[in-house]
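Work through the exercises below with the model open beside you. Each task is followed by a solution in steps.

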Amino acid sequence: MTHATIQVAGETLLLLPEKAVYWPAQRMLIVADIHFGKAAAFRSLGVPVPRGTTSENLAGLDALVAQHDARHVAFLGDFLHARAAHASSTQLAMLAWRGRHPDLALTLVRGNHDLHAGDPSEALGIELVDEPHAIGPFAFCHHPGVDAAGYGLAGHVHPVYVLATRFDALRLPCFVVGTQGLLLPSFGSFTGGHAVKPGPGDRIYVTSGDMVHGVG
């Protein structure tokens, strides 16, 4: 799979087709809006949605950690979707994943859904922080546009970009690289998306799942 390499705040970042960012200097994988337990939350309300999204998200993390030999994963908010995410099946799956990566550092910047869902289990060994959380030249956030000293890395919006022709349109997850911050797509497999348009100075990179392409 082919990524895009960008230079921001004096650092090199890789925009990955799997809707994540890798920071090679820190061996850090950065993901936003994984929304563990969202499908379970919908099912608890009687909405018939597919099972297996937690396993799919964890398998995606497994693959990226192995591919890049990551030593740290930073979650930019909305790790858990709702209180229903504390269901035993979801928790057991996450604990099993953690057992496969006992030495992996995990950091969660709390997002709006995390505030409602409650913190994840202490057994997961996740460092819990509030936005903005400074690491090097970056301000790790959930919401874009947070007033912080540093180049912002954020999620929350679930950005997608619409590629349209006269006859059809395609919505693709995208990264928005601005002068003051980088907006990540939602990593979760059951999260939807919000169409965005580039602002002044913004660069859009869409992912097809196999490749990252700059557009506009």
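**Exercise 1: a ring pair**

Phe 138 has 0% relative accessibility and therefore counts as buried (under 20% relative accessible area; exposed is over 50% and partly exposed in between, with a 1.4 Å probe and protein chains only). The model is predicted, so local features need pLDDT of at least 70 and side-chain atom pairs pLDDT 80 or more, while totals for chains, interfaces and linings use all residues. Residues are numbered from 1 along each chain as its sequence is written, and side-chain values use heavy atoms, leaving out hydrogens and water.

Task: Classify the aromatic pair of Phe 138 and Tyr 151 and place its two residues.

Solution.
- Rings of Phe, Tyr and Trp (its six-membered ring) pair if their centres lie within 6.5 Å; planes under 30 degrees apart are stacked, over 60 edge-to-face, and the rest tilted.
- The whole structure holds 5 aromatic pairs.
- In the pair of Phe 138 and Tyr 151 the centres are 6.2 Å apart and the planes are at 70 degrees, which makes it edge-to-face.
- Phe 138 belongs to strand β9 (residues 138-140) and Tyr 151 to strand β10 (residues 151-154), so the pair ties together parts 13 residues apart in sequence. Strands here are DSSP runs (E, at least two residues), and helices are H or I runs of at least four, both numbered from the N terminus.
- Tyr 151 is also buried, at 8% relative accessibility.
- Ring pairs join Phe 138 and Tyr 151 with Trp 23 and Phe 140 in a cluster.

**Exercise 2: cysteines**

Task: How many disulfides does the model contain?

Solution.
- The rule asks for a pair of cysteine sulfur atoms within 2.5 Å.
- By this rule the count is 0.
- Cys 141 is buried at 3% relative accessibility, and Cys 174 is buried at 0%.

**Exercise 3: confidence**

Task: Which stretch has a pLDDT below 50?

Solution.
- pLDDT is the predictor's confidence in each residue, from 0 to 100.
- The protein averages 87, and 85% of the residues score at least 70.
- The stretch is residues 45-50, which has 7 contacts (heavy atoms within 4.5 Å) beyond near neighbours in sequence.
- Where pLDDT is low, predicted coordinates should not be read in detail.
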